Amino acid sequence: MKQLVVSVIGKDRPGIVDQLSSLVVQHKGNWLASSLTELAGQFAGILHLEVDEQHLEALSHDLLNQQNLLVNIAEGDSSNNDDHQQVAITVTANDRVGIVQEVTQALNALGVSLSEINTHVASAPNWGGLIFTAKLSVPCANDEQLGAIQESLESLADDLMVDIEQD
């Protein structure tokens with residue numbers, strides 16, 4: 001079986017996920033995971049698919065030729081054997097230009113890779129400003145590394161709060 005990571009973007013409209021899932025089923029593929037969202041009127045998605053090698057070419061062809069969708073396909077690595085525990089981190093702060101870069105640079109300086117990041121900016125009605133929230137998932141080898149991550153993130157700004165959840 002081949003692992004595929006498929007990115008899809010196009011003007012948002014009803015039926016895109018149905019259209020994609022129908023293609024996967026038609027080519028006897030398995031939809032393993034996805035992250036799908038609407039951003040600024042655009043549908044944006046990343047899919048993790050599995051397909052038998054004999055159906056790979058046909059599925060890839062049909063995905064790449066979807067009308068009004070920009071599709072990119074990369075072959076995944078099924079030998080990913082990361083033994084590190086995934087840790088959920090929520091970062092909250094007053095919104096400002098460059099905050100995503102600050103957070104990701106702090107993690108990168110520690111050699112920490114992001115498994116997932118979801119960001120959001122919302123109005124803070126009681127404060128009259130905007131609040132930035134990032135939900136991160138990172139692999140963490142031990143408590144020492146987790147402490148270093150928390151210390152590094154908290155040192156970015158006085159208004160920045162870090163909440164860590166371990167499984």
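Predicted model: local features only at pLDDT ≥ 70, side-chain atom pairs only at ≥ 80, totals over all residues.
Let's walk through the overall layout, then the cores, a pair of helices and one histidine.

**Overall layout**

- Along its principal axes, the box filled by the C-alpha atoms is roughly 55 × 40 × 25 Å.
- The protein has 167 residues, and 32% of them are buried.
- Its accessible surface is about 10,300 Å², with 48% belonging to carbon and sulfur atoms.
- Take the contacts between residues at least 6 apart in sequence: 68% of these join residues at least 24 apart.

**The nonpolar cores**

- The largest nonpolar core holds 20 residues.
- Ile89, Val91, Leu107, Leu136, Val138, Ile149 and Leu153 have the most contacts inside this core.
- Strand 5 (85-94), helix 3, strand 7 (129-140) and helix 4 each give two or more residues to the core.
- Strand 7 provides the largest share, with five residues.
- Another core, of 16 residues, lies apart from the largest one, and Leu4, Val8, Leu49 and Leu59 are among its members.

**Helix 3 against helix 4**

- Helix 3 covers residues 99-109 and helix 4 covers residues 143-154; their axes come within 10 Å and cross at roughly 145°.
- The crossing of helix 3 with helix 4 is right-handed.
- On the helix 3 side the meeting residues are Val103, Ala106 and Leu107, while helix 4 brings Ile149, Ser152 and Leu153.
- Sorted by type, the residues of this contact are five nonpolar, one polar and no charged.

**A closer look at histidine 27**

- You can find histidine 27 in the loop between helix 1 (16-26) and strand 2 (30-39).
- Is histidine 27 buried or exposed? Histidine 27 counts as buried because its relative accessibility is 9%, and the cut-off for buried is under 20%.
- Leaving out residues up to four places away in sequence, histidine 27 touches Val51, His55, Ala58, Leu59 and Asp62.
- Between histidine 27 and glutamate 53 there are 11 Å in space, C-alpha to C-alpha, and the two are 26 residues apart in sequence.

Conventions: Residues numbered from 1 in each chain as written. Heavy atoms only, no water. Axes fitted to C-alpha atoms, helices over the stretch in contact; angles between N-to-C directions. Helix = DSSP H or I, 4+ residues; strand = E, 2+ residues; numbered from the N terminus. Left-handed = near helix turned anticlockwise from the far one by under 90°. Contact = heavy atoms within 4.5 Å. Nonpolar A, V, L, I, M, F, W, Y, C, P; charged D, E, K, R; others polar. Buried < 20%, exposed > 50% of the residue type's maximum accessible area, 1.4 Å probe, protein only. Areas by Shrake-Rupley, 256 points an atom, 1.4 Å probe, with all protein chains shown as cover. Core = buried A, V, L, I, M, F, W, Y, C linked by side-chain atoms within 4.5 Å.
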